[in-house]
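Biologist: I am new to this structure and would like to learn how to read a pair of helices in it. Could we take the features one at a time?

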Amino acid sequence: HYLDEGLRVTVNTDNPGISRTDFTRELHRAARLTTDGLSLWKISLLIRNSFRAAFVKSDARHDLLRQAESEIIQRIQEGLPV
């Protein structure tokens with residue numbers, strides 16, 4: 001619902017060593033909590049939001065975001081279901 005309203009939603013893992021989780025597991029958990037799951041577009045948006053909210057210098061955050069977006073686009077072009 002928050003994504004649909006345009007809010008910058010992120011998926012977080014806190015401390016993976018203590019909570020024994022990772023980003024992928026938390027995305028699966030988020031998908032199970034929604035009525036219709038998460039579309040590839042919404043997953044991409046969650047990933048993008050996470051990079052935009054990262055606690056790193058602006059230049060590094062921008063570079064990481066562009067790298068992640070390039071990889072997402074490449075994987076979609078390789079035939080991931082949309």
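This is a predicted model: local features need pLDDT of at least 70, side-chain atom pairs count only at pLDDT 80 or more; totals for chains, interfaces and linings use all residues.

Biologist: What span should helix α3 have, and what do its end C-alpha atoms show?

Modeller: At 1.5 Å a residue, the 13 residues of α3, residues 40-52, should span 18 Å, and because the end C-alpha atoms are 18 Å apart, the two values agree. For α4, which has 20 residues, the distance from the first C-alpha to the last is 28 Å, close to the 28 Å expected.

Biologist: Which residues of α4 are buried, and which are exposed on the other side?

Modeller: Buried means under 20% relative accessible area, and in α4 this holds for Leu-65, Ala-68 and Glu-69. They cover an arc of only 100 degrees around the axis, which puts them on the same side of α4. On the other side of α4, the exposed residues are Asp-59, Asp-63, Gln-67 and Gln-77.

Biologist: What do the buried residues of α3 pack against?

Modeller: The buried residues of α3, namely Ser-44, Leu-46, Ile-47 and Asn-49, pack against α2 (23-32) and α4 (58-77). In turn, α3 is included in what covers the buried residues of α4.

Biologist: How are α3 and α4 oriented to each other?

Modeller: Angles over 145 degrees count as roughly antiparallel; α3 and α4 pack at about 165 degrees, with their axes 9 Å apart, and are therefore roughly antiparallel to each other. The crossing in which α3 passes α4 is right-handed.

Methods: Residues are numbered from 1 along each chain as its sequence is written. Side-chain values use heavy atoms; hydrogens and water are left out. Helices (H or I, at least four residues) and strands (E, at least two) are DSSP runs, numbered from the N terminus. The expected span of a helix is 1.5 Å times one less than its number of residues. Buried means under 20% relative accessible area, exposed over 50%, partly exposed in between (1.4 Å probe, protein chains only). Contact means heavy atoms within 4.5 Å. The arc is that of the directions from the helix axis to the C-beta atoms. Axes are lines fitted to C-alpha atoms, for helices over the stretch in contact, and angles run from 0 to 180 degrees between N-to-C directions. Angles under 35 degrees count as roughly parallel, over 145 as roughly antiparallel, 65 to 115 as roughly perpendicular and the rest as oblique. A crossing is left-handed if the near helix is turned anticlockwise from the far one by less than a right angle, and right-handed if clockwise.
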